[in-house]
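Please keep the sequence and the structure in view while reading.

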Amino acid sequence: MRRAIILFLFALILSVPFMGAAEEWTFGESAEVVEEASGTTLYIVNCEESVTLRAAPSSEAEALAQISLGAAVTCYGDVENDFSEVEYQGMRGYVSSRYLGWNSAPAVVEDAAGETMYVVNCTQYVNLRAQPNTSSEILAQVPLGAAVTAYESDGSFHRVLYAGMEGYVASEYLSSSPQPFSAYLGDDPGYSRLGTDSVEAYASSEQVDQYGYYAASNANDADPSTAWAEGADGLGEGEWLSLFFDERMVAGFAIQAGYQRSAETYNGNARPAQICISVAGEDDCLLMLADSRGEQVVLFTRPALTDFLSIEIVSAYSGSNYADTCISDVRILLAE
C-alpha cells in the first residue's frame, strides 16, 4: 500500500510542468513569424534600352542598377510618386510605374537583312504591336527618334526588330532618315522635373542695380517671384542662360519667361521672344515663345541625352519701363 502511494505521488509530481519550461514554451508560442508578401512578375516596357532601379521612390534617388527593356522583375506594389517597389537580380529598389507591364519579351527576330529606319511623325512614341493591326497586343512603346531594323511591309505596317523584340509598327511613323531635332510649344504630358539642387546655372551676364542682383541661379530656384536678368546693353540679343546637370535623357523644359512676380514687373521688363536652344549631341534650333505670363512647355521632337541646356536670346518683347530681358524659371523635363 505504501509503495502504491509513493508511486502515485511521484507520477503526480511529474505531471506538473517545470516553471522554466513553462515560461520557455509560452515565449515560443507568442513569437510571430513574419512572412513577406509574394510579389507579381512584371516586365520592363515603354523605354528605349533600360530603366534605372533606384534606392528610393524618386527620379533623383541613388541609381542601383540598369534594368534592360523586356527584363522580368518581381513587383511588390505601387508606392509614392508613381513608383513601384521591385526586386531585380536580388536587389530591392524602385522603378517608375510607367515602365512596368504584364507582357514578357517576345522572340528575337533572326532575319539576316533589314533596313535601319527611325520613328518620326509622333510626339512621344509609337506602339510596337504583336500583329499588323491597331487592335493587337502592345508589346512596347518605341520613343520618337529611336532606330529600328525594318523588314517587309504590307503597306500599312512594317515588321521590325526593336531592342530584341519582334513586332509591327505603323509605316506612317517610320522613315529612312531621322527626324531633325527641333522644339515646339506643347502640353506637359507628366514628365518628372529635375530638382533645383541637381542643376547649376550660369549666364553670359547678370543685371545688378539699385533694386537687387538678378543672378542666373534665380532662373532655377522654382520661384517665379525671382528672375535672371541679363546685364548687357539693349534688349540682350545674344545673351544666354545655361543649365548644367548630370547626363540625363531630356524631353524638353518648362519656362516662365519674363519677370513673373506681378503683371507690373512682367510688362515693365523685356521678355524673350525668339530663343535658340542648344543641347548636347543635337543641332541648335530656334523657337518663338508666346508673350504671356505663366509657364510655357517646350518639348523636343525627340528626347536628347545631354548634360546641359542653353537658351540664347535671339529677340525680345520690349518692356514698358526697362530694357532688361528676364527669365523667372526654367525646369528640365526628364524623359525617364
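A search of the whole structure finds 6 aromatic pairs, where rings of Phe, Tyr and Trp (its six-membered ring) pair if their centres lie within 6.5 Å, and planes under 30 degrees apart count as stacked, over 60 as edge-to-face and the rest as tilted. The model is predicted: local features need pLDDT of at least 70 and side-chain atom pairs pLDDT 80 or more, whereas totals for chains, interfaces and linings use all residues. Residues are numbered from 1 along each chain as its sequence is written, and side-chain values use heavy atoms, leaving out hydrogens and water.

**Aromatic pairs**

- The pair of tyrosine 214 and tyrosine 259 is edge-to-face, because the ring centres are 6.1 Å apart and the planes stand at 80°.
- Tyrosine 214 belongs to strand S19 (residues 212-214) and tyrosine 259 to the loop between S21 and helix H3 (263-268), so this pair ties together parts 45 residues apart in sequence; helices (H or I, at least four residues) and strands (E, at least two) are DSSP runs, numbered from the N terminus.
- Both tyrosine 214 and tyrosine 259 are buried, which means under 20% relative accessible area, with exposed over 50% and partly exposed in between (1.4 Å probe, protein chains only).
- Phenylalanine 253 and phenylalanine 300 also form an edge-to-face pair, because their ring centres are 6.4 Å apart and their planes are at 65°.
- Phenylalanine 253 lies in strand S21 and phenylalanine 300 in strand S25, so the pair ties together parts that are 47 residues apart in sequence.
- Phenylalanine 253 has 0% relative accessibility and therefore counts as buried; phenylalanine 300, at 3%, counts as buried too.
- One aromatic cluster is formed by Phe181, Phe253 and Phe300.

**Nonpolar cores**

- The largest nonpolar core has 34 residues, of which Phe253, Ile277, Phe300, Leu309 and Val330 touch the most other members; such a core is a set of buried Ala, Val, Leu, Ile, Met, Phe, Trp, Tyr and Cys residues joined through side-chain atoms within 4.5 Å.
- At least two residues of this core come from each of the strands S21 (240-257), S23 (274-279), S24 (285-288), S25 (296-313) and S27 (326-334).
- S21 supplies the largest share of this core, 7 residues.
- Apart from this core lies another, of 33 residues, including Cys47, Val73, Val126 and Val148.

**The chain as a whole**

- The secondary structure comprises 3 helices and 27 strands.
- Of the 336 residues in the chain, 42% are buried.
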